[in-house]
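Subject: Structure handover

Hello,

Here is the structure that I said I would pass on. Please open it first; my notes follow below.

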Amino acid sequence: MTPFGADLDAFWSGLVTGSDGISAIERFPVDDLRVGRGGEIKKLRPLPGARRVGCRASQLLLAAAEDLLARSAVSAEPERIAVVLGTALGGVEELERALAPGGRPRHAVDALYDSPAHALARRLGARGPVMTVGAACAAGATAIGTGADLLRADVVDVVIAGGYDALCRFVMRGFDALRSLTRERVRPFDKRRSGLLLGEAAALVLMTREGATPGPRLGRLLGHASASDGSHIAAPDANGRGLELAARTALDEAGVTAAGVDFVRAHGTGTLVNDRIEADVLRRVLGRRASEIPVNSIKASVGHTMGAAAALEAVMCLMAGREGVVPKTLGLEEPDPACELDHVIGSPRAARPRISLSTSLGFGGCNAALVLEAVDQ
Amino acid sequence: MTGTTVEGVAVLTGWGQGIQALPADATRAAAGRAVIPLGRPALEGERFRRATRECLLGVAAVDALLREHRISREVITGSATALIYVTGGAYGASNHAWVVADTARPAEPDDRPGERRRGSVSGTLHFPYTAPSVMSGEVAIEFGLTGPYGILIGGAAATVDGLWQATVLLEAGRCERALVLAVETFEDCAELYARGRWLVRRPLVEAAACVLLTPGGLRTRYDAPRAPSALETRVRTRAGETLACAPLIALALAREDGATGPVGVTGEWRGRRAGLYWH
């Protein structure tokens, strides 16, 4: 569920065709903010029973689940199905409603950050672990990794994992005050980059143990790791220590060396600091191979979708492997020499990456990395 | 693959420091009070001047763990220590303040863009603290924790999940020790919790608790029991509703009982109960 549309096909098509999912925000007032644009989802089709769900974050999740279930059957006992979701905001928009005159008790409960995950679990009939990972903008990756741990430990047979976040005034106001939002276009790794734009999305994957279910698969998770910076509450560590540890640990767990990496999906927010630090880390981790491995960021296409970002981007990595094309980094025209990597610029690149490294960072010094393998259906 | 052991636990609650401060019956001791608050810890340092109370409670809980178990800071500093942070609602206070600041003065027709809805809470200083990850971020900064990192949102069941995650990290050799930290504050959102009274019991008792896990001889079993353990019931009786802190308080009570071997904790949240047993 992205600004490009309500299913995986719309997301992939939007990326490959270089569409721009950024628009003027219409759903809530932004006229007093410096920046009023973002990756807003304009059409959210009501789902059967969705009136009871209420919260927009939950609605995004349920819409994504509709698409997931249309593609993959969930076949396990309810107690053996887990829901593990990453988010930066949970149901916080409901807090605005709860505190408004006449706010209802339901709004107060829906405002809890784990409410949308429970709404999805109810919808799916899942009665196994229901976990909400609050690792800010790295949460989607950590959620997928946690899902893999649950499967590996044989706690459950099926995990619905991923991430979500809805755009709301709460977060727009915050990033606007931090001066993190750009008035121009988002330009990851570009000389002229001047900030990010936020977006909203929900991305889900259905995970099982290898060989447990017949039917098509998109890929495998080979390794995952998370690490703390322990250096600043709202900025990445100047040397990217946590990100480097996460990337190296995930590659170790996957048994993959730099020579085996075919593609890097970078966090690539388009902020001055993030992109430089991330490029430095990737050069250190990948060594000489860094100049040969295609790198992209999709945050100019759909906005920085926060808790959804890493999950959405993990799906993109696997789609690239399946479809044989790597989407370009929209907005990147003049790469910053300080961010030198093999960026996918100008047009999509014909390549069929089998092994991808996907990196994420978030507030509070959160870092996460996934190593994914695309598989033929 | 090795097992794990509970190396130490520290507990701060609205009743006081340590489990010895817990009353025999929290409901009776609360005497009708809906919330038993925990004061803002007096921590030194310029950095803490801006930090929220919930951040400081997290720092204070880890500090208490180190002090009570005579562990130096140097032992936990670095990438060999994992940090798992759990909270059901400690982000509520900062989120509440951020929303209230936005609505403090309703927009008026002749407001110019940029003049509307300005509140007393500054964005650059306040907004980052609305993120749950910043609470654990402050703890990580204070103690130099740069290892594996997990943040779970939820009540007691989420803390059992967090304890399980810590054992996974330890047993896989991804860290040498793991801190599982939980913080809960209620006072700033007492009215909201009153509205959601079908979700949380009374009295709501603010708390911060931390457990240190290390490699050891005990294996763990992680499951979904239907009934609460005796420890879960005891924590609820003695401490009151502490949400994510409850399983860590249970571990502290078990240690007070002299448990050095098998022990199990359970926790319930939103109709789901999780259990972790060291055996």
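**What was found**

A:Gly255 counts as exposed because it has 10 C-beta neighbours inside 10 Å. The cut-offs are these: a residue is buried if 20 or more other C-beta atoms lie within 10 Å of its own, exposed if 12 or fewer, and partly exposed in between, with C-beta atoms placed from the backbone. A:Gly255 sits in the loop between helix H9 (241–254) and strand E8 (263–265) of chain A. Between A:Gly255 and A:Met306 there are 51 residues in sequence and 29 Å in space, C-alpha to C-alpha.

Some notes on conventions. This is a predicted model, in which local features need pLDDT of at least 70 and side-chain atom pairs count only at pLDDT 80 or more, while totals for chains, interfaces and linings use all residues. Residues are numbered from 1 along each chain as its sequence is written, and chains are lettered from A and ligands numbered from 1 in the order in which they are written. Helices (H or I, at least four residues) and strands (E, at least two) are DSSP runs, numbered from the N terminus.

**Chain A**

Chain A has twelve helices and 14 strands. Its radius of gyration is 19 Å, close to the 21 Å that the globule rule gives for 377 residues, so chain A is as compact as a globular protein of that length. That radius is taken over C-alpha atoms, and the globule rule is 2.2 Å times the number of residues to the power 0.38. The C-alpha trace of chain A spans about 60 × 55 × 40 Å along its principal axes. Of the 377 residues in chain A, 65% are buried.

Strand E7 (residues 219–228) of chain A has eight of its ten residues buried, so this strand is largely enclosed by the rest of the structure. E7(A) runs antiparallel to strand E14 (residues 366–374) of chain A, and nine bridges join them. Two strands pair if DSSP finds at least two bridges between them. In this pair, A:Ser226 stands opposite A:Ala368 in E14(A).

**Where the chains meet**

In chain B, 53 residues are in contact with 53 residues of chain A; contact means that the C-beta atoms of two residues, placed from the backbone, lie within 7 Å. H6(B) gives the most to the side of chain B that touches chain A, with eight residues. By class, that side has 26 nonpolar, 19 polar and eight charged residues. Here Ala, Val, Leu, Ile, Met, Phe, Trp, Tyr, Cys and Pro count as nonpolar, Asp, Glu, Lys and Arg as charged, and the others, Gly among them, as polar.

A sheet also runs across the two chains. Ten strands form this open sheet in the order E6(A)-E5(A)-E3(A)-E4(A)-E5(B)-E4(B)-E6(B)-E8(B)-E1(B)-E2(B), with mixed pairing. Its edge strands, each pairing on one side only, are strand E6 (201–208) of chain A and strand E2 (16–17) of chain B. Strand E4 (residues 130–133) of chain A and E5(B) run antiparallel and are joined by two bridges, and A:Val133 stands opposite B:Leu152 in E5(B). Within chain B, ten bridges join strand E1 (residues 3–13) to strand E8 (residues 207–216), again antiparallel. B:Gly3 stands opposite B:Gly216 in E8(B).

**The nonpolar core**

Which residues have the most contacts inside the largest nonpolar core? They are A:Val83, A:Ala202, B:Ala61, B:Leu181, B:Ala209, B:Leu248 and B:Ile249, in a core of 241 residues. A nonpolar core is a set of buried Ala, Val, Leu, Ile, Met, Phe, Trp, Tyr and Cys residues joined through C-beta atoms within 7 Å. Helix H12 (residues 309–323) of chain A supplies the largest share of this core, eleven residues. Beyond its neighbours within four places in sequence, B:Ala61 is in contact with residues including B:Ala10, B:Leu181 and B:Ala209.

**Backbone details**

Most residues other than glycine have a negative phi, and most peptide bonds are trans. A:Ala136, not a glycine, has a positive phi of about 50°. A:Ala136 lies in the loop between E4 and helix H7 (139–152) of chain A and counts as buried, with 29 C-beta neighbours inside 10 Å. B:Arg270 has a positive phi of about 55° and is partly exposed, with 19 other C-beta atoms within 10 Å. The peptide bond from B:Arg202 to B:Pro203 is cis, with omega near -10°.

Regards
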